[in-house]
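Subject: Structure handover

Hello,

The structure we discussed is below, with the sequence.

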Amino acid sequence: MVQKRNLVLSLATAMILSGVAFAEVGGTITRSMPQPPQQEQMAPAHKGHKDYKEAHKKAIQDFENRLQLTDEQKDKIEANREKSAKKMKKIIEQEKKLREQKHEIMKQNKKDFEAILTDEQKVELKKMHEERMQKRKEMIEKKKEFKKQKGEFKKHKNQK
């Protein structure tokens with residue numbers, strides 16, 4: 001949930017900041033930008049990275065530096081991001097409540113459905129469920145094997 005919120009906030013900040021990139025300067029649109037940082041200077045962007053917070057801060061700093069944002073612009077952008085974050089937080093909380101309501105309805109539906117069935121039908125339903133779970137396990141194993149083979153193919157292809 002936190003990662004989803006961070007992603008949404010990061011995307012919103014990026015969209016806001018990208019709008020600033022083509023702001024009017026002296027009656028013309030500025031298109032000259034400093035060269036992008038070299039690959040080794042760039043912050044890692046993967047959320048699974050153990051230093052994600054530091055990487056995120058560095059990415060924002062790189063973004064601000066490349067756009068050559070003034071302190072005033074940074075303050076306005078931060079205020080706008082905070083305002084958007086409050087709105088997003090409310091929506092995320094509503095989503096959570098709706099998801100919980102949905103699960104309660106589904107549980108009640110299952111309970112009501114099973115109450116209609118005879119004992120023999122319940123036994124058959126259980127068998128059907130077990131069969132479905134077995135097929136699911138098989139599909140997961142096939143997917144793992146496919147990914148493994150795909151990885152080996154890439155290694156082999158890159159060695160040529």
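K144 counts as exposed, because its relative accessibility is 52%, and exposed here means over 50%. Please keep in mind throughout that this is a predicted model.

The partner of K144 is E141: the two side chains form a salt bridge, with 3.9 Å from N to O. Both residues belong to helix α4, which covers residues 119-159, and they sit 3 residues apart, about one turn of the helix. E141 has a relative accessibility of 48% and therefore counts as partly exposed.

In total, 5 salt bridges are counted. Two others among them are in helix α3.

- K107 and E104: their side chains meet in a salt bridge at 3.7 Å, N to O. The two residues are 3 apart in helix α3, about one turn of the helix. K107 is exposed because its relative accessibility is 55%. E104 has a relative accessible area of 48%, so it is partly exposed.
- K76 and E72: the closest N and O atoms of this salt bridge are 3.3 Å apart. Because they are 4 residues apart in helix α3, about one helical turn separates them. K76 and E72 are both exposed.

An α-helix has 3.6 residues a turn, so residues three or four places apart point the same way.

Helix α3 itself runs over residues 71-116, which makes 46 residues.

Is E64 buried or exposed, and which side chain of opposite charge is nearest? E64 is buried, and the nearest side chain of opposite charge is K74, 4.0 Å away. Even so, E64 has no salt bridge. A salt bridge requires the nitrogen to be within 4 Å of the carboxyl oxygen. E64 is in helix α2, residues 52-67. Leaving aside residues up to four places away in sequence, E64 touches L69 and K74.

That is what I have for this model.

Regards

Conventions
Residues are numbered from 1 along each chain as its sequence is written. This is a predicted model: local features need pLDDT of at least 70, side-chain atom pairs count only at pLDDT 80 or more; totals for chains, interfaces and linings use all residues. Side-chain values use heavy atoms; hydrogens and water are left out. The expected span of a helix is 1.5 Å times one less than its number of residues. Buried means under 20% relative accessible area, exposed over 50%, partly exposed in between (1.4 Å probe, protein chains only). Lys and Arg count as positive and Asp and Glu as negative; His and the chain ends are not counted. Contact means heavy atoms within 4.5 Å.
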